[in-house]
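Please keep the sequence and the model in view while reading the numbered points.

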Amino acid sequence: MMNTLIIKINLIKNIMENNSSVVIALGGEPASGKTTLLKRIRKNFPPLVDFKEGLVRGGYCPKSNVYFVGVFDDTMFEGTDKLSLSVQPSFVEFVKNTPNAKIVFEGDRLFNASVFEQLKSVIFILGIDKDIHTQRHALRGHEQNETFLKGRKTKIENIRNTFTHKILNNNTETDFDINEKEIMNVLLMENISDDLLSQKITIPTAQQSLF
């Protein structure tokens, strides 16, 4: 009887793991082009249906079973910036309760180590040259102070040093085209292979003694 129960528990566990959703996370410093890139990607999945689960809102493509988290309304700050500051627990619960979907977001609100520790994720980080970064801030009239910008840069660096990820250079229109295609390739995969999933980076014991 006990062996039968163990087999059933393992079977349920395998089904849940095989049907679990994957998060596609797009991060980077402010003005690196995260929102612009994701808005371009969203246009490949019409029609999008508005959805709301707890504090999580966004657009859903039923045909592809792809969720785009965040509100995109052509104002200065879009995406997950439009969601509640306390959205993360709702987001984690939403992903865990949504079977076999790809769930995409961009932005600082959810681009956190604690999210990647709990959820199967593919992490993309946008890279941008300093001069382009300065130009974009000037064009958009951003008034984010140096302390804020330095904090965002440190956060991205910490995630880069903690989890495996893919850097996407995002300086030019050609870069946007290339990056859109790369992320689209992942979204159109029937099953995302394990080698694309982010893993926590482990530092060998010999190296740890140096810190």
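1. The model is a predicted one, in which local features need pLDDT of at least 70 and side-chain atom pairs count only at pLDDT 80 or more, while totals for chains, interfaces and linings use all residues. Residues are numbered from 1 along each chain as its sequence is written, and side-chain values use heavy atoms, with hydrogens and water left out.

2. Strand 6 (residues 121–127) runs parallel to strand 1 (residues 22–28), and 6 bridges join the two. Val 23 has Ser 121 as its bridge partner, and Leu 26 stands opposite Phe 124. Strand 6 also pairs with strand 7, in the parallel sense, over 4 bridges; there Leu 126 has Leu 168 as its bridge partner.

3. Is strand 6 mostly covered or uncovered? It is mostly covered, since 7 of its 7 residues are buried (under 20% relative accessible area, with exposed over 50% and partly exposed in between, using a 1.4 Å probe and protein chains only). Ser 121, Ile 123, Ile 125 and Gly 127 point one way from the strand, and Val 122, Phe 124 and Leu 126 the other way.

4. Among the buried residues of helix 3 are Phe 91, Phe 94 and Val 95. The buried residues of this helix pack against helix 4 as well as strands such as strand 3 and strand 4, contact meaning heavy atoms within 4.5 Å.

5. In soluble globular proteins, nonpolar side chains tend to be buried together. In this model the largest nonpolar core has 26 residues, and Val 69, Phe 91, Ile 103, Phe 105, Phe 111 and Phe 116 have the most contacts inside it. A nonpolar core is a set of buried Ala, Val, Leu, Ile, Met, Phe, Trp, Tyr and Cys residues joined through side-chain atoms within 4.5 Å. Helix 3 gives the largest share of this core, 4 residues. A second, separate core of 23 residues includes Leu 26, Phe 68, Leu 126 and Leu 168.

6. Which residues line the largest cavity? They are Ile 24, Ala 25, Leu 26, Leu 38, Ile 41, Val 104, Phe 124 and Ile 183. Strand 1 supplies the largest share of this lining, 3 residues. The cavity holds about 30 Å³ of space. A cavity is a set of points on a 1 Å grid over the protein atoms alone where a 1.4 Å probe fits but cannot get out, and lining residues have an atom within 4 Å of a point. Grid points are joined across faces, edges and corners, and a volume is the space filled by probe spheres set on the points.

Conventions. Pairing = 2+ DSSP bridges. 1 Å grid on protein atoms, 1.4 Å probe; cavity = no way out; pocket = protein on both sides within 12 Å on 5 of 7 lines; lining within 4 Å.
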